[in-house]
Amino acid sequence: MSKGTLFDKVWNLHTVGTLTSGQTQLFIGLHLIHEVTSPQAFAMLRERELKVLFPERTVATVDHIVPTENQARPFADVLAEEMIVALEDNCKAHNIRFYNVGSGRQGIVHVIAPEQGLTQPGMTIACGDSHTSTHGAFGAIAFGIGTSQVRDVLASQTLALSKLKVRKIEVNGTLNPGVYAKDVVLHLIRKLGVNGGVGYAYEYAGTTFEQMSMEERMTVCNMAIEGGARCGYINPDQVTFDYLKGREFAPKGEDWSQAVEWWTSIRSDADAEYDDVVVFDAADIQPTVTWGITPGQGIGINETIPTPEELSDSDRAIAQEAYRYMKLNPGDRIAGTKVDVCFVGSCTNGRISDLREAAKFAKGRQVAPGIKAFIVPGSEDVKKQAEAEGLDKVFLEAGFEWRESGCSMCLAMNPDKLQGSQISASSSNRNFKGRQGSSEGRTLLMSPAMVVAAAINGVVSDVRELL
C-alpha cells in the first residue's frame, strides 16, 4: 500500500488510466441511483443501444418524489407516478436491485446504503445526488454526479474526474451538552465558507470526530458539499467496523477479518502530507442556526444576525440579499424568531439516532399551537425500528405528525412543501431560496433537537434550556 492520505490511496487503487484531457478515468465500485436523475441516463443508453455494464454494482431506491402521508399506488401526483414507473421498468430491464416502496428496504438513498452494509471503507461511490458525500463517513470516496455522468457510470462503471487536493479539518475536544454533529458542520461551513472547499476533498480528523457515532459522522460528511468540497471523509476505525459487522452486504466469516485488515491499511498515514490543514476547538461550538440563504450564513443561538459592517466585502452582497428574502434584520437575535413549520428528517438527520435524540426533547411536551411539526424517518428500516422503540407514540402524543419514509420537505419534490412565506425550522441541509417548495419560503437549518425545541416553543430556541 502506498503512503499518503486515504484519498490518495483509494484514488490510486481505482485509477483505470489517464485521459487525454489530463483527467483520471476512475473505476466506481458502487453506483446508487434513484428516480430523479436516472430516467434521462437510461434513455441515453437506449439511444446508443448500450447495456448497464455491471448491474450488480448498481442499487436503486425511490426517495425524492414519494409522498410521506399516503404512499398508495398510483401516486396522486401523475409526474411522481411516471418517475417511479420509469425506475421500476429500467431496473427490471437491466436486472438492477431495486428497493421499492413497501419492500422494507426503501428509503433515502444515503440512508439505506449504509444501513444495508453496501457502503464500505475504501470504496469509490457515485450517485446522481449532491449529498453522496455522506458515504465518506465510512472512509469511502463518494461523489455526487450529474445525469450525463450517471449515464457514463451505467455504461462503463467509470467516471472522468480531475484529482482533488486534500484539506485536513481537525476538530478536537468533547462537544458541550446540546451541541451535535449538525452544529459542528454548520460551524465549519460558517468559518471556511460555502466555497472554501472548491477543488478539495475534506478529511475530517481529530478527537471530536473520533468520539462520534457513525450516524453523526454521516451528518458531517453529508454537508461537506455545502462547504464547496467535492467529497468529505473520515478514516475508518473500530466505530466503523462495529457499525458494519453483521449487516446484509458486509463481509462475513474469514472475509470479515481480511476486510478489517485492509480497511485499516487505507487509513491516512501519520506522516501523510496535506494541501491544507485547519484546526478547531469543539468547546467553541454552540447550537448553530442559519439565518440566511446559504448554509454558511449561520450563527450560534446566542448571537445576533450580523450587520453589514461586521462582514467582509465578499460576504456583504449576499447578506443584503438574505436580509431581504428572509425578512430578518441585522443586529436582531436569532433566538425568538417565530417559526411556522418544524421538520425532522432528510439524508442529513433522518436516521434512528436523530429520532431518538429528538424524542428525548419531545417526550412529555406539546407542540405549540399553530405549528405544523412532522417527523419523517429516513428509511422503512428506520421507521420500523423507531416504532419498535415507541418513538412514534412519543412524537404523536406531543403533537407531531409521524410519516412514511422519504426525502420529504428537504427538496419538496413531493407534497411536503412550505406555503407562501412560511418559515421552517429544518434538520435538512440546504436553506436556498425556494428550496422547501415555495418561492417565498424561508428555511432555518439546525439540529433535530433544536427543531423540536422550536416546535415546542413556537420560536427558535436554545435546546439547552430543555435539557
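A helix here is a DSSP run of H or I at least four residues long, and helices are numbered from the N terminus. The model on screen is predicted.

**Stop 1: helix H13.** Select residues 352–362, which form helix H13. Eight of its 11 residues are buried, so the helix is largely enclosed by the rest of the structure. Buried means under 20% relative accessible area. Colour the buried ones: Ile 352, Asp 354, Leu 355, Glu 357, Ala 358, Ala 359, Phe 361 and Ala 362.

**Stop 2: just past the helix.** Select Gly 364, which comes just after H13. Gly 364 has a positive phi of about 75°.

**Stop 3: a packing partner.** Two packed helices are described by the angle between their axes and the distance between the axes.

Stop 4: The largest cavity holds about 40 Å³ of space. To see its lining, select Val 185, Leu 188, Ile 189, Leu 192, Gly 193, Tyr 202, Tyr 204, Met 223, Ala 224 and Gly 227. Helix H6 (181–192) and strand S10 (200–205) are the elements that give two or more residues to this lining. H6 provides the largest share, four residues. Now colour the lining by class: eight residues are nonpolar, two are polar and none is charged.

How values were computed. Residues are numbered from 1 along each chain as its sequence is written. This is a predicted model: local features need pLDDT of at least 70, side-chain atom pairs count only at pLDDT 80 or more; totals for chains, interfaces and linings use all residues. Side-chain values use heavy atoms; hydrogens and water are left out. Buried means under 20% relative accessible area, exposed over 50%, partly exposed in between (1.4 Å probe, protein chains only). On a 1 Å grid over the protein atoms alone, a cavity is a set of points where a 1.4 Å probe fits but cannot get out, and a pocket is an open set with protein on both sides within 12 Å along at least five of seven lines; lining residues have an atom within 4 Å of a point. Grid points are joined across faces, edges and corners, and a volume is the space filled by probe spheres set on the points. Ala, Val, Leu, Ile, Met, Phe, Trp, Tyr, Cys and Pro count as nonpolar, Asp, Glu, Lys and Arg as charged, and the others, Gly among them, as polar.
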